[in-house]
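Here is a short report on how one protein chain packs together. Keep the structure in view as you read.

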Amino acid sequence: MAEADTVVRADDPLDLTFSEAELEAHREHITDFVEGQLDAAGVDRAVIGLSGGIDSTLTSHLAVEALGPDAVHGLVMPSEVNRADNMSDAERVADELLGIEYDVVEINPLVDAFLDAYPGAEGDQLAVGNLRVRCRAVLNYLVGNHETALVLGTGNRSEALVGYYTKYGDGAVDCHPIAPLYKQQVRQLAKHVGVPDDLAEKTASAEMWSGQTDATEMGMDYDTLDSILALHVDGGVPKAATADHIGVPESVVERVREMYESSAHKRAMPPGPDPLY
């Protein structure tokens, strides 16, 4: 089935873009945050996984602004399901755009070792996809521990609110510098700080398996998701009013609400019973 048949697009999505002054304020706010996180931890280096996507590209760009290129170490971690152009973009960001130290580490041997240890998961698309993401997290922390560096995450507000990330995978980081930004705003800020348009506008994909895109997996594009989150989840606008305002069926708003509620465990510390005494 073609993407047009499976992805919902709002007739009139909400415009969440910033003014020029707001863009500069967010730029300064995030770079100050990154610098402050390292100061609080007593370290002077940061590690970041580079996927070639806009979230890691913007985060690494702002990290370099905050810390300087010598203090940022990039990791490009391809697997058999990654598109070659994405990995090429990741190296382009590290080498040409930012001039930071980076390593390319193939994760297939790690994934294969886990599946050799537990072959029952072979062929389970979701489980193996999450395994790939968790292998990258382990490598991020291996390098981070070795270099006494913080691991910077690349999660944005849209992904966090609907749980569109892997628990103890790309969610396993020391901080998320672009956490306040909806996806629409990530793209806008990226262009503002000088990220080329072809990187800022490229199709988003977690690449947990071949052919995956964010829009087809969630069933809607990011402008639609951002609109529902801003109005209904964050803003408290009723379901029917939200659907009518942006031009989508109420069922789409319900789906986003369900994703938000069912992923609450990802946004909280693992629970335990209250102390008896």
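## Where H5 meets H6

Which residues in H5 meet which residues in H6? On the H5 side they are Leu110, Val111, Phe114 and Leu115. On the H6 side they are Val128, Leu131, Arg132, Cys135 and Leu139. The residues of this contact divide into eight nonpolar, no polar and one charged. Keep in mind that this is a predicted model.

Two packed helices are described by the angle between their axes and the distance between the axes. Helix H5 covers residues 108-117, and helix H6 covers residues 125-147. They pack at an angle of about 120 degrees, and their axes are 9 Å apart. That angle makes H5 oblique to H6. The crossing of H5 and H6 is right-handed.

## Where H2 meets H3

Now turn to another helix pair. H2 and H3 pack at an angle of about 65 degrees, with 9 Å between their axes. The two helices are therefore roughly perpendicular to each other, since angles of 65 to 115 degrees count that way. The crossing of H2 and H3 is right-handed.

Which residues make this contact? H2 brings Arg27, Ile30, Thr31, Val34, Glu35 and Leu38. H3 brings Leu62, Ala63, Glu65, Ala66 and Leu67. Sorted by type, the residues of the contact of H2 with H3 are seven nonpolar, one polar and three charged.

## The nonpolar cores

The largest nonpolar core has 34 residues. Leu58, Leu181 and Leu189 touch the most other members. Several elements give two or more residues to this core, among them helix H2 (20-41), strand S1 (46-50), helix H3 (54-67) and helix H8 (183-192). Which element gives the largest share? The answer is H3, with six residues.

Look at leucine 58. Not counting residues up to four places away in sequence, leucine 58 touches Ile178, Leu181, Val186, Leu189, Ala190 and Val193. There is also a second, separate core of 24 residues. Its members include Leu16, Tyr164, Met218 and Tyr222.

Serine 60 is found in helix H3. Is serine 60 buried or exposed? Serine 60 counts as buried, because its relative accessibility is 0% and the cut-off for buried is under 20%. Leaving aside neighbours within four places in sequence, serine 60 is in contact with Ile48, Leu50, Val93 and Leu98.

Aspartate 55 is found in helix H3 too. Its relative accessible area is 9%, so aspartate 55 is buried. Leaving aside neighbours within four places in sequence, aspartate 55 is in contact with Thr154, Asn156, Glu159, Ile178, Lys183 and Val186. Now compare sequence with space. Aspartate 55 and glycine 153 are 98 residues apart in sequence. From C-alpha to C-alpha, they are 9.1 Å apart in space.

## A residue in a loop

Where is valine 237? Valine 237 lies in the loop between helix H11 (222-233) and helix H12 (239-246). With a relative accessible area of 26%, valine 237 is partly exposed. Not counting residues up to four places away in sequence, valine 237 touches Leu231, His232 and Thr242.

Definitions and conventions
Residues are numbered from 1 along each chain as its sequence is written. This is a predicted model: local features need pLDDT of at least 70, side-chain atom pairs count only at pLDDT 80 or more; totals for chains, interfaces and linings use all residues. Side-chain values use heavy atoms; hydrogens and water are left out. Axes are lines fitted to C-alpha atoms, for helices over the stretch in contact, and angles run from 0 to 180 degrees between N-to-C directions. Helices (H or I, at least four residues) and strands (E, at least two) are DSSP runs, numbered from the N terminus. Angles under 35 degrees count as roughly parallel, over 145 as roughly antiparallel, 65 to 115 as roughly perpendicular and the rest as oblique. A crossing is left-handed if the near helix is turned anticlockwise from the far one by less than a right angle, and right-handed if clockwise. Contact means heavy atoms within 4.5 Å. Ala, Val, Leu, Ile, Met, Phe, Trp, Tyr, Cys and Pro count as nonpolar, Asp, Glu, Lys and Arg as charged, and the others, Gly among them, as polar. A nonpolar core is a set of buried Ala, Val, Leu, Ile, Met, Phe, Trp, Tyr and Cys residues joined through side-chain atoms within 4.5 Å. Buried means under 20% relative accessible area, exposed over 50%, partly exposed in between (1.4 Å probe, protein chains only).
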